[in-house]
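Take a look at the model below. The text after it walks through the fold part by part.

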Amino acid sequence: MSNGTSLLHSCAAHETNSVHPIDGAFPEFLLAVLLALVSLAASVWLQRWWTKCALEEQLPTVLWTPRFVNYDPREEDGVDADQRHPKKQKMGSGSITNILPKMERLGGPYGMYATVYGVSTKVVHVGHPVPARAILAGNPASAATFAESGMEIKLGERRTNVVYHAVKGAMLWVRTPFLRLFSSPLSATNGRNKGASSRNGLTRRSSSLLAQTTGSTKNPAYDHFKNFSGEGVFTANGMDWKSKRASVLHCLVGQLNDAKLEVEVNRAADALLEGELNMIMQLASDEEGGAVRDVVPMLQRCTIGLIYRIITHDVASFAPCRDGEANGESNRIIDTTRGIATTSSPRSSATSLAAMDTSLAEKSTELNYKHHQTNIHHEKKHHNQTIESLLPNYLRSVTKIRMIILAQSRSIWYLLPRWMYRLFSPMYREEERTMGPIREFAQLACQNAREGSPLELLSKRASHSTKEGSDGERGVSQDLLDEAITLLFAGQDTSAATLSWTLHLLSLDPRRQEKLAQEVRSVLGDSDIDFTRDSDFVSKSMIAQMPYLDAVIKESMRLYPVAPFVVRKLTSDITIPPEVNIGNQNRMNGATTVTTAAGAKSSGATTLSSSTFACIWIYALHRNPKLWHSPDEFVPERWIDPELRKKDNGQEEPGAYIPFAMGPRNCLGRPLAQVVLRLLLARIIRKYIVVDPRYETLEARLDKNDVVDTKCLRKDMQAGFTVLPSNGLMLRFVERLDDV
Ligand code: HEM
């Protein structure tokens with residue numbers, strides 16, 4: 001202590017007596033730091049301004065305001081974040097619903113506009129089928145026609161900036177002689193020259209075949225997914241992606257015959273209807289107003305069981321729970337109902353379980369059913385412990401990771417080097433915590449995969465057995481684990497979300513719901529009860545006879561595409577022909593009269609330059625009033641009625657309706673999802689009337705002759721990289737009387 005004091009004193013004395021060497025330099029040092037900071041800020045500002053000006057040559061451009069968005073766990077707990085934090089902007093949903101008005105307001109060609117993201121990242125926002133298909137699928141045909149027509153390629157609506165052009169001109173003047181000296185004819189590209197795009201294509205050839213064929217790639221726009229799905233088919237690139245996609249198609253989609261799929265989906269429907277909902281109905285007998293429950297988690301449990309069984313063939317772990325053996329969350333319900341006898345009829349409990357067995361689906365004899373049922377119960381004892389403990393955490397985690405990944409992509413962390421995000425961002429720590437249960441669950445799926453199942457088949461393929469990960473000693477390669485995470489998520493989340501939105505729309509439209517129920521029941525009939533097959537069983541051939549069911553699913557996916565946008569990076573310049581009037585003649589390409597979105601005449605093409613990112617807004621495409629009549633209305637009839645069909649340009653135009661995206665990186669699980677959605681919906685609607693209590697309240701307030709406008713009851717979207725109804729979806733299930 002005394003030593004310290006004397007040291008201080010001596011320092012003070014020294015300071016009074018002599019000039020410290022740093023004294024004079026200190027303000028200069030500060031000044032230098034300040035200058036450096038100012039020049040850094042100025043160069044960033046200049047760079048952003050420069051990029052904006054360059055983009056504005058082609059499209060209206062806005063500057064993205066950087067911010068540190070962090071994931072807020074309060075958004076997931078079912079309490080409306082708006083109510084708690086009135087000033088807080090909801091994550092993502094506003095930017096989805098406002099996209100069309102924004103495109104309209106900015107009025108670029110095809111409604112496109114651009115954003116300068118970060119310092120110089122260019123993002124083009126697309127909500128029109130012509131640019132959308134050019135970017136996603138490549139559009140060589142239209143490009144060729146365009147070139148052959150000899151039409152002069154001019155710029156689109158040009159916003160002139162005098163200073164920008166003066167500086168650019170001066171720079172070109174200085175640079176051109178040097179460029180001529182040092183560049184080869186192939187690399188001398190100028191985006192504005194006719195044919196430039198093909199030359200760019202040659203010089204910037206990427207190793208990715210996809211990039212060559214479509215002029216766009218997912219890389220690096222999806223890199224922030226990699227902590228989640230690693231190098232699975234969703235995030236992989238180039239040749240790695242190509243071989244992985246071929247393998248997954250072969251082992252999953254190729255192996256799935258109709259009989260297997262029907263059996264598995266009916267098994268999942270049993271778990272939902274005879275298991276969970278049955279329990280809820282019993283509980284609700286004491287509840288005033290019947291059983292009002294959040295259907296989203298129920299559907300998630302149903303679809304995770306389904307995809308898990310499909311990829312592992314492990315039928316024991318998620319077998320329907322009619323006797324109080326439910327997993328996870330549903331256990332809570334069941335615990336409280338111990339002592340209440342199940343009401344499932346002997347017919348359904350004996351035959352539904354039986355109908356689940358793949359091999360027995362073909363043979364179907366009573367003896368085999370009983371044998372199989374015993375097997376299921378035996379295997380359940382073995383597996384349930386682990387699955388039961390992991391499932392609730394897994395579902396919570398995947399719901400959360402959807403939001404974390406979106407928050408990341410909207411935050412400044414996305415633009416900074418990955419190591420910075422890992423080191424400094426609290427979001428990364430949250431992400432890692434969340435990934436724990438997801439990895440564990442996928443690990444278990446890989447270990448439980450039976451012989452001949454898609455995961456087991458994948459494990460033998462070179463595409464999925466190269467990279468040994470940390471779990472190598474447990475016999476699971478990192479590649480396989482990544483794929484399991486990808487497939488479990490893609491198979492579960494999207495189907496559950498789409499069904500949730502469909503039930504939401506039907507609950508707000510009882511008339512159409514009844515129409516659907518009638519169709520389903522007329523096809524399924526009161527079915528002569530067959531001892532060997534459950535009368536609830538719905539097959540693919542049955543749903544083929546239900547056009548209204550098909551229309552309802554299509555319409556729900558139009559209004560609520562669960563992947564509201566996809567992103568690509570352009571690998572070569574893409575020139576989009578001038579916009580034409582979209583009239584009844586439905587010519588979107590190649591006509592001579594050109595109308596911009598704002599209505600002004602123009603005769604220019606638009607060239608989106610290589611390395612630009614393109615955000616294809618599926619949500620905007622599906623609600624574009626130029627493509628759909630009554631775009632915000634739920635009108636399933638539009639898909640059936642020839643008169644209504646004529647009013648929708650979107651039904652004929654490739655790229656206008658793309659809930660599964662399009663091009664080489666379209667949804668790989670589409671054939672699976674198409675069947676799953678229809679079968680599950682048919683089963684639900686056949687048994688239950690779904691009622692939104694808010695609709696009832698609104699209807700009760702109105703006069704009998706009033707038309708109930710349900711738009712105000714539509715749920716907001718909880719935006720993750722897939723969208724779910726915000727704060728859950730509370731519905732009441734009422735058993736259809738004639739089924740009792
Ligand atoms: C309603 C159901 C579904 C919808 C709406 C849907 C939608 C989509 C969309 C829009 C994409 C493109 C994503 C992008 O480029 O960013 C996609 C990709 C993908 N989907 Fe689906 N999907 C559904 C169901 C499924 C199912 C059941 C599976 C598999 C089990 C699946 C597996 C995949 C995979 C692996 C990809 C990535 C393909 C690639 O990059 O090559 N999806 N899906």
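This is a predicted model: local features need pLDDT of at least 70, side-chain atom pairs count only at pLDDT 80 or more; totals for chains, interfaces and linings use all residues.

Residues are numbered from 1 along each chain as its sequence is written.

Start with the whole chain. It has 29 helices and 13 strands. Helices (H or I, at least four residues) and strands (E, at least two) are DSSP runs, numbered from the N terminus. Of the 740 residues in the chain, 44% are buried. A residue is buried if 20 or more other C-beta atoms lie within 10 Å of its own, exposed if 12 or fewer, and partly exposed in between, with C-beta atoms placed from the backbone. Among the contacts with a separation of 6 or more, 77% link residues 24 or more positions apart. Two residues are in contact if their C-beta atoms, placed from the backbone, lie within 7 Å.

Now the sheet. It is open, with 6 strands in the order β1-β2-β3-β9-β6-β4, and the pairing is mixed. β1 (61-63) and β4 (216-217) stand at the edges with a single partner strand each, so one side of each lacks a neighbour in the sheet. Two strands pair if DSSP finds at least two bridges between them.

Follow strand β9 (residues 613-617). Strand β3 (residues 121-126) pairs with β9 in the parallel sense, over 4 bridges. V123 stands opposite F613 in β9, and H125 has C615 as its bridge partner. Strand β6 (residues 565-570) runs antiparallel to β9, and 5 bridges join them. There, V567 has C615 as its bridge partner.

Why is β9 described as largely enclosed by the rest of the structure? Because 5 of its 5 residues are buried. Both faces are covered: F613, C615 and W617 are buried on one side, A614 and I616 on the other. Helix α6 (residues 129-136) lies across β3, β4, β6 and β9, and runs at about 125 degrees to β9.

Next, the helix packing. Two packed helices are described by the angle between their axes and the distance between the axes. Axes are lines fitted to C-alpha atoms, for helices over the stretch in contact, and angles run from 0 to 180 degrees between N-to-C directions. Angles under 35 degrees count as roughly parallel, over 145 as roughly antiparallel, 65 to 115 as roughly perpendicular and the rest as oblique.

Helix α23 (residues 510-524) meets helix α25 (residues 547-559). Their axes come within 8 Å and cross at roughly 140 degrees. That makes α23 oblique to α25. K515, L516, E519 and V520 in α23 meet Y548, L549 and V552 in α25. This contact holds 5 nonpolar, no polar and 2 charged residues. Ala, Val, Leu, Ile, Met, Phe, Trp, Tyr, Cys and Pro count as nonpolar, Asp, Glu, Lys and Arg as charged, and the others, Gly among them, as polar.Helix α23 also packs on α28, with axes that come within 9 Å and cross at roughly 100 degrees. The two are therefore roughly perpendicular. Q513, L516, A517, V520, R521 and L524 of α23 make the contact with A682, I685 and R686 of α28. By class, this contact has 6 nonpolar, 1 polar and 2 charged residues.

Turn to the ligand. Which residues around the ligand come nearest? They are A490, G491, T494, C667 and G669, out of 24 residues around the ligand. A residue is near a molecule or strand if its C-beta atom, placed from the backbone, lies within 6 Å of it. α22 (478-507) and α28 (670-687) each supply at least two residues of the shell. α22 gives the most, with 7 residues. The shell has 16 nonpolar, 6 polar and 2 charged residues.

Some local details remain. M542 lies in helix α24 (residues 540-543). M542 counts as partly exposed because it has 18 C-beta neighbours inside 10 Å. Leaving out residues up to four places away in sequence, M542 touches V523 and L524.

The loops hold some backbone features. The peptide bond from N219 to P220 is cis, with omega near 0 degrees. P220 lies in the loop between β4 and α11 (226-229). S611 sits in the loop between β8 (606-608) and β9. S611 is not a glycine, yet its phi is positive, about 80 degrees. A661 lies in the loop between α27 (642-647) and α28, and its phi is also positive, near 60 degrees. Are these residues buried or partly exposed? S611 is partly exposed, with 15 other C-beta atoms within 10 Å, while A661 counts as buried, with 20 C-beta neighbours inside 10 Å.
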